[in-house]
Amino acid sequence: LDTLEKWVTEIFSEIPNNGLPKPSFGHLTQPFDTPEFHKLYRVVPIRKVHSLTITWALPPQEQYYRVKPLHYISWLVGHEGKGSVLSFLRKKFWALALYGGNGETGFEQNSTYSIFSISVTLTDEGYKHFYEVAHVVFQYVKMLQKRGPDKRIWEEIQKIEANEFHYQEQTDPVDYVESLCENMQLFQKEDFLTGDQLLFEYKPEV
């Protein structure tokens, strides 16, 4: 560690701090407000697989990292137990898998927008009924909207993420440092180590 610290100090300490805030592109609102976005696109896959992906463009969510509203929604959407979207679609023999969410970095989340996607891996039969599959997904999202957030579910997710954080396996140091450097651009100083994983505040209005 002493050697590494010496190298880092020698190499990086001469780089001047210009004191400027990180660039924000929040003024570039509604990048997807275009007819091309509100369409159904059929793409011929390379692999023999049927997949339906529904994508929403949302206002930037990165400032809500302590609440993680998109993580909460993706948790419910990706649930596979009784009453879930996937459970219903499997009973119809229309789907094999379903996942949804936001990667929280880069193209999926930045100061201009946040992307939220739900992707369903369809059976051959499900491909014939993909309009109905899309309808089921929208119905489920509408139900979540009507019911509103549930503190018990949020706290359950919070507890699971905390356990995973505390008992995580050691990662490659190079990857860990890279991850921390990215976190330094996104979170408050006290959250550099935890901001990308833990849920801190329950705010149903968010």
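**Figure 1. Lys68 sits in the loop between S1 and H2.** This is a predicted model. The phi angle of Lys68 is near 55 degrees. That value is positive, and Lys68 is not a glycine. Is Lys68 buried or exposed? Lys68 counts as buried, because its relative accessibility is 5% and the cut-off for buried is under 20%.

**Figure 2. Phe93 also has a positive phi.** Here phi is near 60 degrees, again in a residue other than glycine. Phe93 belongs to the loop between H3 and S2. Its relative accessibility is 63%, so Phe93 counts as exposed.

**Figure 3. The protein has 7 helices and 3 strands.** Read from the N terminus, the order of elements is α-β-α-α-β-β-α-α-α-α. The C-alpha trace spans about 65 × 40 × 40 Å along its principal axes. The chain has 206 residues, and 29% of them count as buried. The accessible surface is about 15,100 Å². Carbon and sulfur atoms account for 58% of that surface. Now take the contacts between residues at least 6 apart in sequence. Of these, 74% join residues at least 24 apart.

**Figure 4. Strand S3 pairs with both S1 and S2.** How many bridges join S1 to S3? There are 9, and the two strands run antiparallel. In this pairing, His50 stands opposite Leu122 of S3. S2 and S3 are antiparallel too, with 6 bridges between them. Gly100 stands opposite Ile118 of S3. S3 is mostly covered. Of its 9 residues, 8 are buried.

**Figure 5. The largest nonpolar core holds 27 residues.** Which residues have the most contacts inside this core? They are Leu52, Val85, Leu89, Leu98, Ile118, Val120 and Val133. Several elements give two or more residues to the core. The strands are S1 (50–58), S2 (95–101) and S3 (114–122). The helices are H2 (69–77), H3 (85–91), H5 (130–147) and H6 (151–166). H5 gives the most, with 7 residues. In soluble globular proteins, nonpolar side chains tend to be buried together.

**Figure 6. Val85 is among the core residues with the most contacts.** Which residues does Val85 touch, leaving out those up to four places away in sequence? Val85 touches Leu98, Val136, Val137 and Tyr140. Leu98 is, like Val85, on the list of core residues with the most contacts.

Figure 7. Side chains of opposite charge can pair when their charged atoms come close. Lys6 counts as partly exposed, because its relative accessibility is 49%.

**Figure 8. Leu1, Leu4, Trp7, Val8, Ile11, Phe12 and Ile15 make a nonpolar surface patch.** The patch covers about 820 Å². Val8, one of its members, is found in helix H1 (residues 2–12).

**Figure 9. Arg66 and Glu201 meet in a salt bridge.** The N to O distance between their side chains is 2.9 Å. Why does this pair tie together parts that are 135 residues apart in sequence? The reason is where the two residues lie: Arg66 is in the loop between S1 and H2, and Glu201 is in the segment after helix H7 (173–186). Arg66 is partly exposed, at 25% relative accessibility. Glu201 is also partly exposed, with a relative accessible area of 26%.

Figure 10. Lys203 has a relative accessible area of 36%, so Lys203 is partly exposed. Which residues do salt bridges with shared partners join into one network? The members are Arg66, Asp191, Glu201 and Lys203.

Methods. Residues numbered from 1 in each chain as written. Predicted model: local features only at pLDDT ≥ 70, side-chain atom pairs only at ≥ 80, totals over all residues. Heavy atoms only, no water. Patch = residues over 30% accessible without salt bridge, like charges linked within 9 Å, V, L, I, M, F, W, Y side chains within 5 Å. Areas by Shrake-Rupley, 256 points an atom, 1.4 Å probe, with all protein chains shown as cover. Salt bridge = Lys/Arg side-chain N within 4 Å of Asp/Glu carboxyl O. Helix = DSSP H or I, 4+ residues; strand = E, 2+ residues; numbered from the N terminus. Core = buried A, V, L, I, M, F, W, Y, C linked by side-chain atoms within 4.5 Å. Buried < 20%, exposed > 50% of the residue type's maximum accessible area, 1.4 Å probe, protein only. Contact = heavy atoms within 4.5 Å. Pairing = 2+ DSSP bridges.
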